[in-house]
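Open the model in your viewer and keep the selection tool ready.

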Amino acid sequence: MPKPTEQPNGEVYKLPMMPIREMVIFPHMMTPFVVGRESSVRALEEALTGDRKIFLATQHDASIDEPSADDIFEVGVIGNIVQNVRMPDGNVKVLVEGVERAKTIELNDNDGFFVATVKTGRNSLTMTPQVEQLMQRVQGLFEQHLKLQQSLNYETAVASARTDDPTKLADTIAANLQLSIDEKQELLNIFDPVARLNKVADVLDIAIEKLNVDRTVQSRVKRQMERAQKEYYLNEKIKAIQKELGRGEKSEWDDLKKKIDAAGMPKDVLDKAQQELKKLEAMPPMSAESTVSRNYLDWLLAVPWKKKSKDIRSIEHAERILNEDHYGLEKIKDRILEFLAVRQLVKNPKGSILCFVGPPGVGKTSLGMSIAKATGRKFVRMSLGGVRDEAEIRGHRRTYIGSMPGQIIQSMKKAGTKNPVIMLDEIDKMAADFRGDPAAALLEVLDPEQNGTFTDHYLDVEYDLSQVLFVATANVLHTIPGPLQDRMEILRLHGYTEVEKLEIAKQYLIKKQLEGTGLTAENLEFSDEGLQSIIRGWTREAGVRNLEREIGNVCRKVVRRVVKATNKKKPEVHGKETLTAENVPDFLGVMRFRDSSVQEKSEIGLVTGLAWTEVGGSILQVEVQVLDGKGKLTITGQLGDVMQESAQAALSYVRSRAQHLGLPKEFYSKLDIHVHVPEGAIPKDGPSAGITLATALTSALTKIPVRRDIAMTGEITLRGKVLPIGGLKEKLLAAHRAGIFEAVLPAENRKDYADLPQLIKESMKLHFVEQMDEVLQIALDGKLPELAEEQPAALEASKLPSMPPPAAVGTPAQPHQ
C-alpha cells in the first residue's frame, strides 16, 4: 500500500469528508461522478451549506459500502463543488474541481457522515535550470507516450500539459495516465513537486517501453497473419492444380459422398442426393444457393433411412411395464399387448395408429411413453395444440427463405430411428385458417396404406413412415374431422371411480410427490380416509391431475413446517405427520365441494339430470316454474339451440298427454312456463336433457314432486319415445360422486351396461326405459293413476337387479319409500 511522503508545514482545515471508489482525484482536475450512498449524500449537503469545500479520499477496497477510517487512504484532495444535480432515482451527480492535496489528521463520524481534520502541504519552489530541464523532459515523454498510445484526444492532452507550474504539470499528467488505483495514489501521496515530477518521468519511461514492446509484437503478428494468408492462398491453388491433375487429396465432397453412400437411402433418394452433390460442387462456396443446397443435403443425411430400434417383443415385459406405470385401463393394455402379439407372427407389420380419447388427467400422454418403454422404441412427442399452418406438418418448399422440413420429419430426425413412437398430442386442438388445414395434411401421415410414401415439401422425396407407431391424444372427437377419425383406431379412456383414484394415489401419486418434495413415507403418511376426503371434498374431476396437485400441496406444507422448525442448512425431519379425514382442512383449507348434491327433500318442478363435458360427467339441475300468463315459454341458463329445441319438444309431449296427466286441455293458453338451468355462466347444449325437461314440466304442471334421490338422462321425441345418449359411464360416475344411487336411462343404452365399472353395477339401481310415461312412473313422488294402469309390466321390465351401495364408496341417498 502506498505510504504518504512527509509534507512541510501547511494549513489545517476541518471539512466534510466523502470516500470515493475506483478513482483518484488530483489537484487541478475537474471530475464528474455520481453520489449514491446516504453518508456521502449527507457529507455533500453539509459542504453545500458551507463554502462548498469537501475532502475526497479513495477507499482501499471499492466493494465496502460502509467504510471505516482504516479503509480509506490518508492522503486525498480538497475539492471545490462546481455543480450538483439531483437525479430522479435519488442519487446526486456532482462536478468537483481538485484544489490541493492534504493529509488526514483526524477522522470523526458526525451524524451519519465523516468530518476530516486535514493538513495541506504547500511547498515554496524556486525555479532553477534543473527544474526547467526536468519539466521539459516530462513534457517530451508525455507527448511521446500519447503518440504511441494513438489517443484520440492527443491535442487536448498535450495542451493541458503546456504549463510553467511544475506542481500543476505533474498532477495533470498523472491524472491522464492509465495507471492502477495504487499507482495513482502513490503519485498523490508525494507532496514535493520535484520528487513528483521525477516519479512521473519514471512512470512515463516504463509506459513508453511497454507500448514499444506492444507495437513490436503487433507488427510481428501482422506479418505472420499476412504470411499465413499467403500460404493459405497458395495451398488452395496447389490443391486446385492437383485436383485438375487427378492427384488431389480427399476433399469435403468426398466425405459427403461417403456419407450419402452409407446412409442406406432408397435408390430414387440416393440418385437425388448425388445430383444435389454434383450441383453443390459446381456452385461458388459463398453463394446463397450453395448454403441452401448444403442444408438440404444435411437434412437428407440427418433423417434415419435404415437405423431401427431393436424391438422388445416380450409380451410379459410389456405387460409388466404397463402395469407398473398405469392402474386400470385394461382395454387399452389389452390392445397394446395384442399389437405386440401380432408382431410375434408377422415379420414386418404395418404401423398402427391409436387415438386415446378421454378427459384431462386420465393418463393419455403418459400411456404413450409407457408404450415406447414397453416396446423398446424411441419416444418423440409432437404438440399439435394451436397448430394452424399446414406447413407445420409437411414443411416449406426450398424456394422459401429459411425453409425447413415439417414436424413429422423433424421428429424422425430427433428420434434417430425408423420405428419410433410418435405422440401427436392434443390432435383435437388443431385449427384451419388461410395457411391451410393441418388436419388434412395428417391424412396421409395417419393412413397405414399411404404413409409408406409420405412426401415432405422440403425433402421432396418419399419417406417411409409405415414402421412408426403413431399415438394420438384428444379430449373430444367432434372437433376432429371425420376422414381423420376414420384413419385412427379410437380407444376411449373414461374417468376413474373413487376406488380407482384411491388406488392410483396410493400406488403412484403419493410416491411421486414425496420424492419431489424431499420427504419419505417415514415423514408423512396418507390414510385411506384422508385420501377419500380429498377425492370427494377437494377434487371433482374425471382424471387425477387435481388429486396429484392436492397431494403435492399437503407434502409442501409438511416440508414448510420442517424447514421452519429447524435453522440448519440441511434440515432433518423429526416426527411423523399423518393425513386423516379430520385434519385435511388444516392442510388444504375449506372444503371446495359438498359431500352430496342430493336435495334435502323432493320438490315440485326440480329434477336432477346428467350431463357430459370435456372433463367428464356432471349433474345438471333443471327447474320449471309455472306462472299465470298467456302461454309464453321462457328458457334461461345459457342453453344452446339443441337444448332449447329439446325443451320445446318436451313441452309438446306434455301438451299431447294433457288428458292422461289430468291437465285441462287448454291449460297452456292460460299459463307462462319458465325453464331454468342453474349455473347460467356455463354454456350448455345437447339433446340428452330431453326426459329431464319433460319430467320437470310434468311435475310443475301436475304439482307432484320429483324424487330427490334419482337422476336421469335421455333424448325425447314428440311421441314420448326415449332415445339413447352418449357418455353413459361418465354421467353415472358423476351421479355416484354426487351421492345419487338411482338413475333412469334409455333402453337402447342397455348394451353399454357391460362396460360400466363394477362399482356402478353394484352400488346403483338403473332403470332402462323406452317411453316417457315409464320415466314419470319412476321419477314422480306420487303416481299418476292413468299412467300406473297403462304400463305396469313395462315398468317392471325396465329395472335391472342391483345391490345396495357399499359403505366404502360413499353414503347413498335414502331409498324411496
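Which residue in E12 is the bridge partner of Leu424? Select Ala472: in E12, that is the partner. This is a predicted model, in which local features need pLDDT of at least 70, side-chain atom pairs count only at pLDDT 80 or more, and totals for chains, interfaces and linings use all residues. Residues are numbered from 1 along each chain as its sequence is written, and side-chain values use heavy atoms, with hydrogens and water left out.

**The sheet**

Select residues 421-425, strand E9, and residues 469-474, strand E12. They run parallel, joined by four bridges. (Strands are DSSP runs of E, at least two residues, and helices are runs of H or I, at least four, numbered from the N terminus; two strands pair if DSSP finds at least two bridges between them.)

Now show the whole open sheet: five strands, ordered E8-E9-E12-E7-E13, with parallel pairing. At the edges are E8 (379-383) and E13 (489-492), each pairing on one side only. From one strand to the next, the twist averages 20°.

(Contact means heavy atoms within 4.5 Å; axes are lines fitted to C-alpha atoms, for helices over the stretch in contact, with angles from 0 to 180 degrees between N-to-C directions.)

**The pocket**

Next, select Arg492, Leu493, His494, Lys729 and Asp755. Of the 40 residues lining the second largest pocket, these lie nearest its centre. (A pocket is an open set of points on a 1 Å grid over the protein atoms alone, where a 1.4 Å probe fits, with protein on both sides within 12 Å along at least five of seven lines; lining residues have an atom within 4 Å of a point.)

Elements that each supply at least two lining residues include E13, helix H17 (498-517) and helix H23 (728-737).
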